[in-house]
Amino acid sequence: MTGLHHNLHDIYDEVSRRNPGETEFHQAVYEVLHSLGPVVSKHPEYVDTAVIRRLCEPERQIIFRVPWIDDSGTVQINRGFRVEFNSALGPFKGGLRFHPTVYLGIIKFLSFEQIFKNSLTGMPIGGGKGGSDFDPKGRSDGEVMRFCQSFMTELYRHLGEYTDVPAGDVGVGMREIGYLFGQYKRITNRYESGVLTGKGLTWGGSQVRTEATGYGTVFFIKEMLTAVNDSFEGKRVAVSGSGNVAIYAIEQIHHLGGTVVACSDSSGYVVDEKGIDVGLLKEIKEVKRGRIVDYAEARAGAAHSVQGRSVWEVPCDIAVPCATQNEINGDEAGYLIKNGCRIVAEGANMPCSPAAIKQFAEAGVTFAPGKAANAGGVATSALEMQQNASRDSWTFVETENRLEEIMRRIHNRCLTTAEEYGQPGNYVAGANIAGFIRVADAMLALGLV
């Protein structure tokens, strides 16, 4: 694979060979290894001790059957996954994704990314991820509950507040977390509130957790702008997606003076030149579980929808992809560059393809990878774990302030690390190297485990 330090070629080849067909995982590993050339030149012990090879191999991969009964009485079978990738810094921590595209390679890529994201927060949490090919869309509450109970009946034996702490992700919101936690409590006969995060506020949840990933991404962009003596004022922003991350990113951008003129879902996108109405978007997507076209109909005359096209066609100063992996490829990157976009920050996990990232670098577009920009979600999950451990509950303002400070530290850590390794202003290199060094040093300290 071109572009890798000569000491890292064999590691990447081994990962590709041992994980056939898992293209997203290969992509995630390559992106990190590509950044580590300056590190292994300066610190060959990371190669000599096989710490990088060990880091690319999960500690544990769990795959299991999830049988459940739908409302018609028909038995359904799904597949469940949990990849516990690295616990050198603390218990495995990462969300659960329920979506029909889920397979082992997706979970492995998400889990690998989570190692470095969690490391960047500076908090004592390792990296893991899980999920299922179950699709909650269109399912009744009863069906979702029965699936979650069956899923947790198997997974519970691998969890614990000092072992592995899941949270939500795509398709797993507070409803699903509630059903999962209820089954865990029923099976174990213990109220271990720290075993799952993203809980409701009345039963162990944290303020700001719902908003955290979207807010945190925007706080990171705010720091990017501040670093070049700029702000959100007057900025035109496009956001992909219209789920939890997108909604709260839009809300915080508006609060900081920017205007989000477009957002999307899998059917297309909507443009609202006066700024997306967050209250209306929440009602349509969270209450009515509707589509983005419903927003355009509700704002007839002020907004219009475009079906089957990419939101990245809409001219913007800042792009915030908050939907799914590889949603911005070379073509979409070309639209953004042509239309004058200056900043791209990933609210989702790996939404930009390698070709897109290369184009951004060549065009001088400042790019922030998801492992840094969207780390606010897991950081606030760790704050929820702190509150659970101390039987405490913090206010919204206190938690939001702590989240903003964490994102500021992550931003500064990325910049200073990139500078130290000869790549000033390169957020990808800074995030990968800073996240790697903290985990690798912990692994060396713990011995060959």
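This is a predicted model: local features need pLDDT of at least 70, side-chain atom pairs count only at pLDDT 80 or more; totals for chains, interfaces and linings use all residues.

Q: OK, so how many residues does H16 have, and how far does it reach?
A: H16 covers residues 376-390, which is 15 residues, and it reaches 21 Å from its first C-alpha to its last. That's close to the 21 Å expected at 1.5 Å a residue.

Q: Is H16 mostly covered or mostly exposed?
A: Mostly covered, with 12 of its 15 residues buried. Among them are Gly376, Val378, Leu383 and Met385.

Q: What do those buried residues pack against?
A: They pack against strands S3 (92-98) and S5 (164-168), plus helices H6 (104-120), H9 (212-227) and H17 (396-420).

Q: You mentioned H6. How many of its residues are buried?
A: 17 of its 17 residues. H6 reaches 25 Å from first C-alpha to last, close to the expected 24 Å. Gly122 follows H6 and has a positive phi, near 80°.

Q: New topic: at what angle do H10 and H11 cross?
A: Roughly 175°, and their axes come within 10 Å. Because of that angle, H10 is roughly antiparallel to H11.

Q: Which residues make the contact?
A: On H10, they're Ile247, Tyr248, Ile250, Glu251 and His254. On H11, they're Val278, Leu281, Lys282, Lys285 and Glu286.

Technical notes. Residues are numbered from 1 along each chain as its sequence is written. Side-chain values use heavy atoms; hydrogens and water are left out. Helices (H or I, at least four residues) and strands (E, at least two) are DSSP runs, numbered from the N terminus. The expected span of a helix is 1.5 Å times one less than its number of residues. Buried means under 20% relative accessible area, exposed over 50%, partly exposed in between (1.4 Å probe, protein chains only). Contact means heavy atoms within 4.5 Å. Axes are lines fitted to C-alpha atoms, for helices over the stretch in contact, and angles run from 0 to 180 degrees between N-to-C directions. Angles under 35 degrees count as roughly parallel, over 145 as roughly antiparallel, 65 to 115 as roughly perpendicular and the rest as oblique.
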